[in-house]
Amino acid sequence: MYMIESKGGAIACMLLALLFLGTWPAIMTLTERRGRLPQHTYLDYTLTNLLAAVIIALTLGEIGPSRPNFITQLSQDNWQSVMFAMAGGIVLSLGNLATQYAWAYVGLSVTEVITASITVVIGTTLNYFLDDRINRAEVLFPGVACFLIAVCFGSAVHKSNAADNKSKLQDFKRFGKTFTTRYFIILRFGTNIVLCFSLETASSFEIENKSSNNELSKGKAKEGTAAFLIEIEKQRAIKVFGKSTIIGLAITFFAGICFSLFSPAFNLATNDQWHTLKHGVPKLNVYTAFFYFSVSAFVIALILNIRFLYWPILGLPRSSFKAYLNDWNGRGWSFLAGFLCGFGNGLQFMGGQAAGYAAADAVQALPLVSTFWGILLFGEYRRSSRRTYTLLISMLLMFIVAIAVLMASSGHRK
């Protein structure tokens with residue numbers, strides 16, 4: 001099997017993992033905003049996510065002089081370590097499943113900020129002690145503190161941006177009594193927005209908001225406007241207008257707790273710190289552990305999402321397995337998201353095995369990448385207040401500092 005041994009190689013793996021793990025959530029969000037049911041998207045995603053692990057195991061897990069390789073370890077008596085790897089896969093799958101619903105409620109950027117910060121604060125601390133303190137504590141924990149500050153900024157950004165959006169919608173519905181009545185029907189019942197606005201007669205609303213009205217009726221609203229927010233609501237699969245963001249934040253924190261446990265579980269699977277393996281049985285290599293990790297993630301995702309097809313949550317429409325098979329709208333994007341996440345996780349574990357899993361948690365600065373995609377693809381934070389922009393920039397700067405500090409804490413596993 002191929003082993004990463006140098007600190008430089010480990011850091012390269014982390015940076016590439018950061019790019020992949022920050023990009024796949026944006027792709028999943030893109031399909032949801034275009035109306036594809038998240039159950040359909042996640043079933044596609046989980047197929048290629050597992051395929052990525054198989055590809056890594058059969059290539060990197062089989063080449064090189066180091067032994068035992070992937071195939072050999074499949075028949076060894078190492079079930080204790082396999083259980084740790086599979087437990088890690090289960091909590092990761094639950095976290096990923098939760099985040100795709102949280103994105104709709106609180107936005108891509110804020111969801112990634114909160115989950116990543118919880119992961120680092122809890123997961124990095126656990127990994128530091130599991131790795132017998134091979135990472136430099138005087139460097140590592142200031143990096144963790146940066147993530148903690150970042151989550152505070154992230155929460156403030158969400159609150160400020162939510163207030164900005166509320167103000168835009170209130171201003172938009174202020175003009176014209178007929179529009180105001182129909183607007184609240186939209187929020188509550190999700191009726192056809194274009195039809196409602198097309199019935200609007202000449203009024204002060206048309207005079208003072210003519211451009212927004214025209215944009216909405218044509219489906220080409222400018223990013224950051226109230227019309228743009230309403231247009232998104234019309235198209236997306238998960239309807240969020242009129243619902244409390246507390247639901248989204250609760251889902252986000254649940255996902256963060258799940259994410260904080262998967263890396264320590266994987267650490268235990270590959271290094272056997274609790275000495276559960278029998279004497280003489282080799283520890284799981286990172287590729288074998290990642291294979292079992294991905295298999296369990298695949299199984300739990302398959303079970304839950306098939307269940308959600310027939311008994312959906314959060315007001316989503318009911319679907320079926322047949323409908324899923326016939327839904328090719330956005331399937332290619334969903335497959336790509338699974339590959340990116342699979343290879344991203346694999347690279348994170350390869351870097352963690354070489355330089356310490358605590359340092360590898362630097363990839364949890366993925367909100368840097370996700371926020372970029374959120375702004376570029378979804379118009380997040382467009383036309384927001386100066387306060388929101390100030391908090392957003394502060395948050396991103398803290399993540400940049402956190403990445404540098406955590407990677408500087410990299411050690412070397414003997």
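Helices H2 and H15 pack with their axes 7 Å apart and at an angle of about 40°, where axes are lines fitted to C-alpha atoms, for helices over the stretch in contact, and angles run from 0 to 180 degrees between N-to-C directions. H2 and H15 are therefore oblique to each other; angles under 35 degrees count as roughly parallel, over 145 as roughly antiparallel, 65 to 115 as roughly perpendicular and the rest as oblique. The crossing of the pair is right-handed, a term for a near helix turned clockwise from the far one by less than a right angle, with anticlockwise giving left-handed. Among the residues of H2 in this packing are Tyr45, Leu51 and Ile55, and H15 contributes residues including Ala337, Cys341 and Gly346. Contact here means heavy atoms within 4.5 Å.

The model is predicted; local features require pLDDT of at least 70 and side-chain atom pairs pLDDT 80 or more, whereas totals for chains, interfaces and linings use all residues. Residues are numbered from 1 along each chain as its sequence is written, and side-chain values use heavy atoms, with hydrogens and water left out.

The secondary structure comprises 18 helices and zero strands, taken as DSSP runs numbered from the N terminus (helices, H or I, at least four residues; strands, E, at least two). Of the 414 residues in the protein, 57% are buried; buried denotes under 20% relative accessible area, exposed over 50% and partly exposed in between (1.4 Å probe, protein chains only). The protein exposes about 17400 Å², of which carbon and sulfur atoms supply 67%, with areas from the Shrake-Rupley method and a 1.4 Å probe. Among contacts with a separation of 6 or more, 83% link residues 24 or more positions apart.

The largest nonpolar core contains 89 residues, and Met14, Trp24, Phe266 and Phe349 have the most contacts inside it. Such a core is a set of buried Ala, Val, Leu, Ile, Met, Phe, Trp, Tyr and Cys residues joined through side-chain atoms within 4.5 Å. Helix H4 (residues 79-106) gives the most to this core, with twelve residues. Beyond residues up to four places away in sequence, Trp24 touches Tyr45, Asn96, Trp103, Ala337, Leu340 and Cys341.

Trp333 is situated in helix H15 (residues 331-355) and is partly exposed, at 40% relative accessibility. Apart from neighbours within four places in sequence, Trp333 is in contact with Ile27, Leu30, Thr31 and Arg34. Arg33, in helix H1 (residues 7-33), is buried at 13% relative accessibility. With residues up to four places away in sequence set aside, Arg33 touches Ile232, Gln235, Arg236, Phe378 and Glu380.

Backbone geometry was also examined. Most residues other than glycine have a negative phi, and most peptide bonds are trans. A cis peptide bond, with omega about 0°, joins Arg67 and Pro68; Pro68 is placed in the loop between helix H2 (38-59) and helix H3 (70-73). Arg133 has a positive phi of about 60° and occupies the loop between helix H5 (108-130) and helix H6 (137-173). Asp272, with a positive phi near 50°, is found in the loop between helix H12 (245-271) and helix H13 (286-310). Arg133 is exposed, with a relative accessible area of 52%, whereas Asp272 is buried, with a value of 9%.
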